[in-house]
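User: I'd like to learn how to read a model like this one, feature by feature. Could you walk me through it?

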Amino acid sequence: MKLLNITTKYFLISFLIILLLWSVAFYSIIKGIIYHDVDEFLSNRKTQILEEVKGSPKLLEQNKVVQADYTIEKITGGQAEGLPEHYESIFLQDPVEDELEPYRQLVTTFSTKAGLFKLSIRTTLVGSRELAKIILLNVFILFFVLFVFVVYLNRKLLQKLWRPFYATLHQVNTYRLEQSHPIKFSKTQISEFKELNETIERLIKNNLLSFQNQKRFTENASHEIQTPLAIASNKAELLMQSPDLTEEQAELVHAMTENLSRLSRLNKSLLLLSKIQNNQFQETENIDVQATLKKLFDDLNELTAFKNISLEMTIAGNAVVNMNPDLAEILFGNLVRNAIRHNIENGMVRVKVQKNEVSINNTGLRFEGDTELLFQRFNKNSNHQDSSGLGLSIVKTICDFYQFSISYSVQKNIHEFSIQF
Amino acid sequence: MKLLIVEDEPAMLNSITSYMAKSGYVCEIAATYAEADEKLWLYDYDCILLDVTLPDGNGLGLLQQIKEKKSQAGIIIVSAKNSLDDKVEGLNFGADDYLPKPFHLSELQARVNAIIRRRHFAGINEIVLGNVVIGLDSKSVRVEQHFLTLTRKEYEMLLFFVSNKNRVISKTSLAEHIWGDHIDQVDSYDFLYSQIKNLRKKLKEFDSVFNIQAVYGLGYKFSSQ
């Protein structure tokens, strides 16, 4: 959930709660004020009526007097005792509009010489109700406007205040150690963000340093190894030419050359890896993937014919990728050769080229390992002693370098590598 | 044929000279930039092996000088840096080939031969070895009058064998020559073996004087019976 949405959510919830509590409170306050007013009016009216009644005792000769706003009823002493003076809110039938309308009523008793009487004085509350409604409505409108304003302000503030944060986030997201330059954030006045930026800068600087050290070490080691390796393998080759080697000696020399070759292949792979990461393959051109694969197929068809593996290519789109031509050759070469190497008798390799994707399928044995580790250095399938375990790692490094995504999947002994450009 | 080997590593220099001398090349050596510079002014060579990292300068500098002199020598850059920049730059400066260290001596031999062929036999593009004639333009091979039908790999293999005739060639160097610099996944000696078997059969069919011999435990040798 986005920060903006979360704050908006909290604003909404707290506003609703405040609005609810406030409207209840406000309603009772308004009601209290209105009742207080009306009750005062009724009380004054009571004095008026009592004056009137005292002035004209004849009025009380009937048992019940009904006037527009009051009624007087004769009651007994017993009734009067259970009837203290009180105000009440009631609903009465409005004869004109034929509906119930709210009234406020004062019920009291009084006595004259003629006996005990109950006096009920009423006044309508319709006007006051309307007033209360209007006030409440306005309160709601005010709240709504305020809410919209706060959300808007919050959004604007977030955008403004959090801009350095989002800028940092974007930079960190797109940052790759392989670029080999420290990250630089833009200046911000907000101390928290300043601290965040400094922390990330420091973190990345340290990472970069150890990354570069590691890279330099691999590179230097590989370089330093090359010359003695070259000398050793050349000497072995010379030894091979010697005419009077015994069989036993010949075997020793053979084992020596084999392993020196393996070592030098390994070393070349490591150098290649560090060169890719050092961004030493800068020249790029538009590579026609289909043509590259076709050339590769041509190159390999004698081998596949020998192994009885069929090579197929399906073209569903024209894939053109901007990358280094040598790396393109290594990338597709490693994948196709991998598919041939881990194949079975009478198997197949099927390559499908789409506009932004190339997938390479092959039949093979069940893969018994952790697919997560597939692309890691020196993670090899034990069946192939002479494999360096770097082929797929090189593939992955090239993909990472160009930000292609590569995935591996297996279904019923059909293995698939697919690259999205 | 005269070779100049510019290489600062004595052990390297030694091996190369020893291998090339057996093929009948006259090898001169230079261990420093200055030495190479001097020799290049004084003599003409058919082919120059040039290590780019020299103690007193960058071997690529020598390239320009060779070009200024309008020398006919073929140039192979040998580099331990295995760096693409060297390769691109070297080839731009007029080098004919680039060979990263470590390499097989048989591979070096094949490259030197190829360059010398290109330089000296322009027009007469044929290699004759005993009764085997290889047409380099048409990529055809015949034994006396009988043309052989070879696959591309068989042809490449034959050429490699011819360049290193009478030498023991290890399976690895042969495989690497055929598969190129396909690091890591050089596959299947079985395939190589079957190719060699086929090639041998085809040569034998027409009684070629030279043929491929298996050298027990080591590899192969192209020699007369």
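Analyst: Let's begin with one residue: B:Lys139 is exposed because 12 other C-beta atoms lie within 10 Å. The rule is that a residue with 20 or more other C-beta atoms within 10 Å of its own is buried, one with 12 or fewer is exposed, and one in between is partly exposed, with C-beta atoms placed from the backbone. This is a predicted model, so local features need pLDDT of at least 70 and side-chain atom pairs count only at pLDDT 80 or more, while totals for chains, interfaces and linings use all residues. Residues are numbered from 1 along each chain as its sequence is written, and chains are lettered from A and ligands numbered from 1 in the order in which they are written.

User: Where does B:Lys139 lie, and what is its phi?

Analyst: Most residues other than glycine have a negative phi, and most peptide bonds are trans. B:Lys139 has a positive phi of about 55° although it is not a glycine. It lies in the loop between strand E9 (132-135) and strand E10 (140-143) of chain B. Helices (H or I, at least four residues) and strands (E, at least two) are DSSP runs, numbered from the N terminus. B:Glu144 also has a positive phi, of about 50°, and is not a glycine. This residue sits in the loop between E10 and strand E11 (146-148) of chain B, and it counts as partly exposed because it has 13 C-beta neighbours inside 10 Å.

User: Which peptide bond is cis?

Analyst: The one from B:Lys101 to B:Pro102, with omega near -5°. You will find B:Pro102 in the loop between strand E7 (97-100) and H5 of chain B.

User: How do I read the packing of H6(B) and H7(B)?

Analyst: Start with the axes, which are lines fitted to C-alpha atoms, for helices over the stretch in contact; angles run from 0 to 180 degrees between N-to-C directions. Helix H6 (residues 152-163) and helix H7 (residues 171-179) of chain B pack at an angle of about 130°, with their axes 10 Å apart. H6(B) and H7(B) are therefore oblique to each other: under 35 degrees counts as roughly parallel, over 145 as roughly antiparallel, 65 to 115 as roughly perpendicular and the rest as oblique.

User: Which residues make that contact?

Analyst: B:Lys153, B:Glu156, B:Met157 and B:Phe160 come from H6(B), and B:Leu174, B:His177 and B:Ile178 from H7(B). Two residues are in contact if their C-beta atoms, placed from the backbone, lie within 7 Å. Also in helix H6 of chain B is B:Leu159, which counts as buried because it has 20 C-beta neighbours inside 10 Å.

User: What about the nonpolar core?

Analyst: A nonpolar core is a set of buried Ala, Val, Leu, Ile, Met, Phe, Trp, Tyr and Cys residues joined through C-beta atoms within 7 Å. The largest has 67 residues, and B:Ile48 is among those that touch the most other members. Leaving out residues up to four places away in sequence, B:Ile48 touches B:Leu4, B:Val6, B:Ile66, B:Ala73 and B:Ile75.

User: How many residues does each chain bring to the contact between chains A and B?

Analyst: Chain B brings 33 residues and chain A brings 42 residues. On the side of chain B that touches chain A, H1(B) gives the most, with five residues.
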